[in-house]
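Dear colleague,

Please find below the structure that I am handing over to you. My notes on it follow.

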Amino acid sequence: RSASKNTSGYIDSAIHTNSTTLELPYSYCVIFSKILNLLFDGIFVNWKFTNFRNDKNELEIKLINLSKKFKIKKVIVDGTDNSTHLIKDEILNKFDYVIKREKNKSISNNKYLTTMLPCTLIDYKILKNKENINWDKIGNSIPNDDPNYDIFFSGQQTSEFRIELIKFLQNKNYNLFLRTESSKLPYDQYLNTIYNSSINLALEGKGEFTFRHLEILANCSFMICESSINQLDLPIPLKEGKHFVSFKNKEDLLEKINFYLKNEKLRKEISLNGRRLLEDEYSPKKHGQLIMKKIFS
């Protein structure tokens, strides 16, 4: 099967590459729970918690019901885009682990494990024997020597801060490609503009860590993020100042933009470090091995 590019795609690939997996809807899990308890070592429940769903209470009741049906290892895959989101103790106490999409470092409970979003540029088949990611065909492997823009950001108006920041930069004397609109850029144009920009803004969107962060890294491009990225526990060991740069406020961002526009060599070094880290560490298979060892050992 092909690797999924949805929000749970990375952990989905991690599980499939390290196990014999059967995917079933909730009703089948309940009906066949006695047989499944005999045939399998664990159940991973892909569950996205959100305050905007009308059936949130019903979902929680279903989780509790599942926990009563299964005696094997029980794991919730929580796709919530809020890294500090915690599951109610009433539910948590009935499960062995929770795998969060980007766990915040402030969460000390050992039941919470971390994963992250998949990189949308990577398209490969899920295999158990090896991981066939061909980096030669993914993004760019060297920094751009002649970018067209100083700064690039394109995204929807998901926060007031995004809008304020774009207006703030538009009043400065830069060569910009900035937009916060409801319509998206065509994907190829979006990726090309990342590579053709000296500095890429990776702002918070639906979560502190988004698809954009991985797309910038895969394109061997320079990335400035909001400082909240430093509070995340990620499967890939991204380091401030080595693979990306972060900012605390508009004034700090302006200072760092000016510094890195003037220091091309350092900017390219950080861009290359980010790309190489992705090549070395982006591995659903390796991530899955660590997850499975933690859960089943």
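Helix H1 gives the most to the lining of the second largest cavity, with 3 residues. About 50 Å³ of space lies in this cavity, and its lining consists of Ala3, Ser4, Lys5, Gly9, Tyr10, Ser13, Pro118, Cys119, Ile122, Tyr124, Tyr282 and Pro284. By class, these residues divide into 8 nonpolar, 3 polar and 1 charged. Here Ala, Val, Leu, Ile, Met, Phe, Trp, Tyr, Cys and Pro count as nonpolar, Asp, Glu, Lys and Arg as charged, and the others, Gly among them, as polar.

Please note that this is a predicted model, in which local features need pLDDT of at least 70 and side-chain atom pairs count only at pLDDT 80 or more, while totals for chains, interfaces and linings use all residues. Residues are numbered from 1 along each chain as its sequence is written, and side-chain values use heavy atoms, with hydrogens and water left out.

On a 1 Å grid over the protein atoms alone, a cavity is a set of points where a 1.4 Å probe fits but cannot get out; a pocket is an open set with protein on both sides within 12 Å along at least five of seven lines, and lining residues have an atom within 4 Å of a point. Grid points are joined across faces, edges and corners, and a volume is the space filled by probe spheres set on the points. Helices (H or I, at least four residues) and strands (E, at least two) are DSSP runs, numbered from the N terminus.

The search of the whole structure finds 4 cavities of 30 Å³ or more. The largest cavity holds about 100 Å³ of space. Among the residues that line it are Pro143, Asn144, Tyr195, Ser197, Ser198, Phe222 and Arg267. Strand S8 and helix H10 (264-281) each supply at least two residues of this lining, and H10 gives the most, with 3. The lining of the largest cavity comprises 5 nonpolar, 5 polar and 2 charged residues.

Tyr195 also belongs to helix H7 (residues 187-195), where it is buried together with Tyr190, Leu191, Thr193 and Ile194; buried means under 20% relative accessible area, with a 1.4 Å probe and protein chains only. The buried residues of H7 pack against strands S6 (149-155), S7 (176-180) and S8 (197-202) and against helix H8 (211-218). Ile216 lies in H8 and, at 1% relative accessibility, counts as buried. The C-alpha atoms of Ile216 and Tyr195 are separated by 7.8 Å, although the two are 21 residues apart along the chain. Leaving aside neighbours within four places in sequence, Ile216 is in contact (heavy atoms within 4.5 Å) with Ile194, Asn200, Leu201, Ala202, Ser221, Phe222 and Met223.

The second largest pocket has a volume of about 820 Å³. Of its 34 lining residues, the closest to its centre are Leu22, Glu23, Ile43, Phe44 and Val45. S1 gives the most to this lining, with 6 residues, and the classes are 21 nonpolar, 7 polar and 6 charged.

Regarding the protein chain as a whole, the secondary structure comes to 11 helices and 11 strands. Buried residues make up 51% of its 297 residues. The C-alpha atoms fill a box of roughly 65 × 40 × 35 Å, taken along the principal axes.

With kind regards

Key. Buried means under 20% relative accessible area, exposed over 50%, partly exposed in between (1.4 Å probe, protein chains only).
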